[in-house]
Amino acid sequence: MLYYVISLLSQIYCDGPILQAVQDSRLYPDSKYFVDMPLKVDPVRTLRDFYALGERAQDVNVLKEFVDNHFEEPGHELIEVYPEDWVPFPTSFQKIEDYRLRRWALHLHRIWRDLCRRVKDDVRQHQELYSLLYVPHSFVIPGGRFREFYYWDSFWIVKGLLFSEMFDTARGMILNLAYMVNHHGFIPNGGRVYYLSRSQPPLLTPMVYEYFLATGDLDFVQYVLPLLEKEHNFWVTHRAVPYIDEDTGLELFQFFQYKATLKTPRPESYREDMELVKDLKTEEEKQRLWSEVASAAETGWDFSTRWFAQDGEHRHDMKSIKTWSIVPVDLNAYLCINMRILSSFFEISGDFKKVKIYSQQYEKMKQEMKKLHWNETDGIWYDYDLEQKRHSNTYYVSNAVPLYSKCFDDEDDVTPHRVYDYLKREGVLNFTKGIPTSLAFSSEQQWDKDNAWPPMVHMIIEGFRTTGDPKLMAAAEAMATQWLVVNYKSYLTTYAMFEKYNVSLLGNDECSAGGGGEYEVQTGFGWSNGVILDLLNSYGDKMSASKASITGSTWFSIVAAIIFYMTLHF
Ligand SMILES: OC[C@H]1O[C@H](O[C@H]2O[C@H](CO)[C@@H](O)[C@H](O)[C@H]2O)[C@H](O)[C@@H](O)[C@@H]1O
C-alpha cells in the first residue's frame, strides 16, 4: 500500500509533466517551494486535470490557476508544537559559569520551541496528498526553507536537546528515524517523498549512543537495536564496494561510497540540475550526471569541490562532478564507529554472537581506513580517488573525521598528534573565526568558499577533546572558545543563528553568516544551536564571554592568517 502511494506521489513531486511545467515556468523563486506544497485533491485527479489542460498549461496564468486550485501553500501539513519536556531553565545550565553565556544558552534553548513540529494526523490518513512523510513523534527542524526533519542534522540537534534536558523530544526524533527504517528500509535525506532516493551520513547509531550516555536507558537501546542493525545492513547491501587486489584478484576488504541512483534532476533543485546538463547531448550522459549530483547530496556536502575534478581543464567545475569515483573518508569513518557501537550494544544486551560479528567488522574497517585512506607521509586520512588510483591529497576538514570516530588503534597515541600537525601545516588552525571546510576559497559552492560548518567544527573539537592528551585537549578548548566567540558575537548583533559561518578575515565581524551554494543562507538553526549547547556542556564551567575581546597573541594570529588568506584568493 505504502509503495503504491509513494509511486503515485512520485508522479507529482519527483518526476513528470506537472513538476516540469511548474519548475520551468519559475512560478516560485526557490525550486523547493513547489515540491513542499500539499495537494488539495488526490494525485490521480490532479494528473488528469493537468493533462486536460493540454497546450494551455504553457500559459503561465493558466498554470498558476491550476496550481492554486490543486495545491496548498507549504507548511499546512505541520503543526508548530510546544514541546512538553521544555522547561524555562534546565538544571544542567547551572554549570555555565559566565552569566552572559548562560543567558545565550537560554535563548538557544528557547529556539527549540520555535523549531519544534509535529506532522498532522491527516498526513498519516492521507499520505497520498502530501510530499511530507509521516512520522509519529514531534521533531526539531533545521529552520528556514528546511521545514522537515533532516537525517544527519538530527545528530547535533539531539546533542543539544540532551543538554537542554529535553529527553523525550530527543527520544522521539530517534524513534522517527527508526520508523523510517522500519517503513522504508533506510533513512532518507529528509522527511519528504523526493528525498527517498538517497540517504545522508549514517549517524542514527551514534545518536542512540549519545542518548544512552545521557540517560542510561538500556531498555530503549534494546528496543531500537534491531532497526539500527537493519539500517546498517542497508549501507552494507547498497553502498559497500569490494576492494580487489589487482595482482591476486582477491577481495582485500570493502569500502563504502555514497551512491544514489536518481536518474532525474533533484526535484527540490530541478532548475539548477537542468541548467547543469544543458550542454550534454545524450540522455545517458544527463542521467549519469544527475546520479552523481544526487550522490553528492547524499554526502551532506552539497556541494563541494571535494566531488569535482581536482586538476585539468575542468578543475573545481561542477560539471566535472564524479562522486562515484571518490571513496569518502568520513563515510567510512561513520560506518566504522557504527560497527564499534553495534558491537558494544550487543555486548550489553548479551548477544555475543553479534558482538563477534560487529567487532570483526570493526577491526576490518580499521584496516581499510589504514590501507585506503591513511597517508603516512602527510600524517592524515584522505579521500581515495578510484579513477586516479591515489589519495586526493587535498585539505578538506573531513580528512580528520576518523579522529572523531576513533578509527585507529586505541593504544595509538601518535596518530592524534600527527593529525594536529597536519591541520597546523595546512594553515587551517591560523583562522581566527573557525576551521574552514576547504581551502578552495574561490569556489562558489557552500561546502567550500570561506565557510565553516557547525557539524564539522564540532567533530574536530570532539576528536581532540576525547584524546586524553593535555596538549590536544588544550587545542580543542581553544577551537571551542573560538567557535563560541564567533557565534556569540554574531548572535549579539543579528539575533540569529546561521546554518554555516564565514571564516574570512576580510568578512563582516558583526554578522558572520556563511554564503554560496544554491540557496540563501538559512537561519534557525538546528545543528548550529545543538553544537553551541553541546560545547557549553563541555566547556561552560571554564569559559567566559569576555574572551570575545582581542588579546595580543590573537592579533599575531590574525596577521598570520590575513597573509595566508590573501594567498588563497590572489
Ligand atoms: O535544497 C538543496 C539541498 O538542501 C539540503 O542540503 C543542505 O541543508 C541540509 C539541511 O540543513 C543539510 O543536511 C545539508 O548538509 C546541506 O547541504 C538537502 O540536504 C539536500 O539534499 C538538498 O539537495
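Begin by selecting domain 1 and domain 2, whose centres, taken over C-alpha atoms, are separated by 25 Å. The domain bounds come from an automatic or database domain assignment, which gives 1-35 + 39-73 for domain 1 and 256-326 for domain 2. This is a predicted model, in which local features need pLDDT of at least 70 and side-chain atom pairs count only at pLDDT 80 or more, while totals for chains, interfaces and linings use all residues. Residues are numbered from 1 along each chain as its sequence is written.

**Where the two domains touch**

Stay with the two domains and look at their meeting place, where eight residues of domain 1 are in contact with seven residues of domain 2; two residues are in contact if their C-beta atoms, placed from the backbone, lie within 7 Å. On the side of domain 1 that touches domain 2, the elements giving two or more residues are helix H2 (17-25) and helix H3 (31-35), and H3 gives the most, with three residues. Helices (H or I, at least four residues) and strands (E, at least two) are DSSP runs, numbered from the N terminus. By class, this side of domain 1 has four nonpolar, two polar and two charged residues, where Ala, Val, Leu, Ile, Met, Phe, Trp, Tyr, Cys and Pro count as nonpolar, Asp, Glu, Lys and Arg as charged, and the others, Gly among them, as polar.

**Helices H2 and H5**

Axes are lines fitted to C-alpha atoms, for helices over the stretch in contact, and angles run from 0 to 180 degrees between N-to-C directions. H2 passes H5 in a left-handed crossing, a term used if the near helix is turned anticlockwise from the far one by less than a right angle, with right-handed used if clockwise. To see the contact itself, show Ala21, Val22 and Ser25 of H2 together with Val60, Leu63 and Val67 of H5; by class, this contact has five nonpolar, one polar and no charged residues.

**Helices H9 and H10**

Move on to helix H9 (residues 167-184) and helix H10 (residues 204-215), whose axes come within 11 Å and cross at roughly 155 degrees, and which are therefore roughly antiparallel to each other. The crossing in which H9 passes H10 is left-handed. Phe167, Ala170, Arg171, Ile174 and Leu177 in H9 meet Leu204, Met207, Val208, Tyr211 and Thr215 in H10, and the contact has, by class, eight nonpolar, one polar and one charged residues.

**Helices H14 and H15**

Now select helix H14 (residues 329-348) and helix H15 (residues 352-373), where the axes come within 8 Å and cross at roughly 160 degrees, which makes H14 roughly antiparallel to H15. Their crossing is left-handed. Among the residues that meet here are Val329, Leu335 and Phe346 in H14, and Val355, Tyr362 and His373 in H15; by class, the contact of H14 with H15 has twelve nonpolar, five polar and five charged residues.

**Two backbone details**

Most residues other than glycine have a negative phi, and most peptide bonds are trans. With that in mind, select Phe303 in the loop between helix H13 (283-298) and strand E6 (326-327), and note that the peptide bond from Asp302 to Phe303 is cis, with omega near 0 degrees. Then go to Lys389, in the loop between strand E9 (384-385) and strand E10 (390-391), where phi is near 55 degrees, a positive value in a residue other than glycine.

**The whole protein**

Finally, zoom out to the whole protein, which has 21 helices and twelve strands and whose C-alpha trace spans about 70 × 65 × 60 Å along its principal axes.

How values were computed: Parallel < 35°, antiparallel > 145°, perpendicular 65-115°, else oblique.
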